Amino acid sequence: MLGKLGFLLLCCVAFAVPAAAQPPTYLYSIPSAGRWWEIHQMVQHPDGRVFIAAGQTNRVLVYDENGAYQAQFGASGTGLGQFHVTGGIAIAADGSIFVADQSNHRVQKFSSAFAPLAAWGTLGTGPGQLWYPTNLAISPDQSQLYVVEYYGNRVSVFDLNGVFLGSFGTGGTGDGQFDHPWGIAVDGAGSVLVSDQFNHRIQRFSGAGAYLTQFGLPGSGPGQFKNPVGMGFDSKGDLFVCDQLNNRMQQFTPGGSFLTEWGTYGGAPGQFYNNWAVLALANENVWVADTYNHRIQVFGFIPTAAVPATWGGIKHQYRE
């Protein structure tokens, strides 16, 4: 049996365990208004605007952080500045915009004023070739552009002028292998996380592409996945993952420990029908692209008052 001191220490340990994280609260939705069919990736510009790779509509849309439409660029085609499925998007510190042109098997670079500057990549699996590029990410030091290849089962790496630097990953189920990867996110330390869709896991690599670790298993429990796709970090370093076929969002610590989840299948506020992309904004709101409900849902973390812990019951029980 526990003595008085042991009981008190046990209570102290219990009080030290943090409460389970609370999911964010639904705030409002941004309807497609006919501007998009699928959203494959979203990114926030340093000036606060949100850029959206609008999938099958073959263009990039621009909104302010309150969800008001601002502008767009791109059109269907194979020429410079045209797209055949806009797959992913990344923005460099100088305002340059990079877009994965999925079915044209290339990446295009645009100026901050949306003028097309360059394109690179052709269909294939050789160095510098691309096979259905999806999401993009840029390293913190702005030296590398990471390009996820859905059918190539790898991540190709370029500098910001399109010079091929290398690649990592092959098809398979082992460490560092992929089965149709989709999403990518780079943390503040430069580690690269890739959603390994049909292996139902998230893999972590060094900035140079060396395999580090992984988390996730097939399933619908906390920390499990059924086709993880889009991902994104918030300002604290927590990771949000679109758990697509579970129609929910999951949130993890920077190290990959499960924090919370929200969402079920459906069309009501807070429900999803194939959520593909997520973006944590600088204002701490979280945008989720709810694909087949044709909307973006906006969630926020509403502060709640802290409830102070008291020791009255313990004092009473052990009053001398």
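**Group meeting: salt bridges and a pocket**

Hi everyone, let me start with two residues: R154 and E149 are both buried, where buried means under 20% relative accessible area, exposed over 50%, and partly exposed in between (1.4 Å probe, protein chains only). Before I go on, this is a predicted model, so local features need pLDDT of at least 70 and side-chain atom pairs count only at pLDDT 80 or more, while totals for chains, interfaces and linings use all residues. Residues are numbered from 1 along each chain as its sequence is written, and side-chain values use heavy atoms, with hydrogens and water left out.

Back to our pair. R154 forms a salt bridge with E149, with 2.6 Å between the closest N and O atoms. By salt bridge I mean a side-chain nitrogen of Lys or Arg within 4 Å of a carboxyl oxygen of Asp or Glu. How many salt bridges does the structure hold? There are nine.

Another one joins D234 and K236, at 3.0 Å from N to O. Here D234 is buried, at 10% relative accessible area, whereas K236 is exposed, at 54%.

Then we have E261 and R248, whose side chains meet in a salt bridge at 2.9 Å, N to O. This pair links distant parts of the chain: E261 sits in strand 23 (residues 258–262) and R248 in strand 22 (residues 248–252), 13 residues apart. Strands here are DSSP runs of E, at least two residues long, numbered from the N terminus. E261 is partly exposed, with a relative accessible area of 29%, and R248 is buried, at 3%. D243 joins in too: D243, R248 and E261 are linked in a network of salt bridges.

Now for the pocket. The largest pocket holds about 850 Å³ of space. A pocket is found on a 1 Å grid over the protein atoms alone, as an open set of points where a 1.4 Å probe fits, with protein on both sides within 12 Å along at least five of seven lines; lining residues have an atom within 4 Å of a point. The volume is the space filled by probe spheres set on those points.

Which residues lie nearest the centre of the largest pocket? Those are V43, Q44, V186, F233 and L279, out of 33 lining residues. Strand 2 gives the most to this lining, with four residues. The lining divides into 22 nonpolar, eight polar and three charged residues.

Technical notes
Ala, Val, Leu, Ile, Met, Phe, Trp, Tyr, Cys and Pro count as nonpolar, Asp, Glu, Lys and Arg as charged, and the others, Gly among them, as polar.
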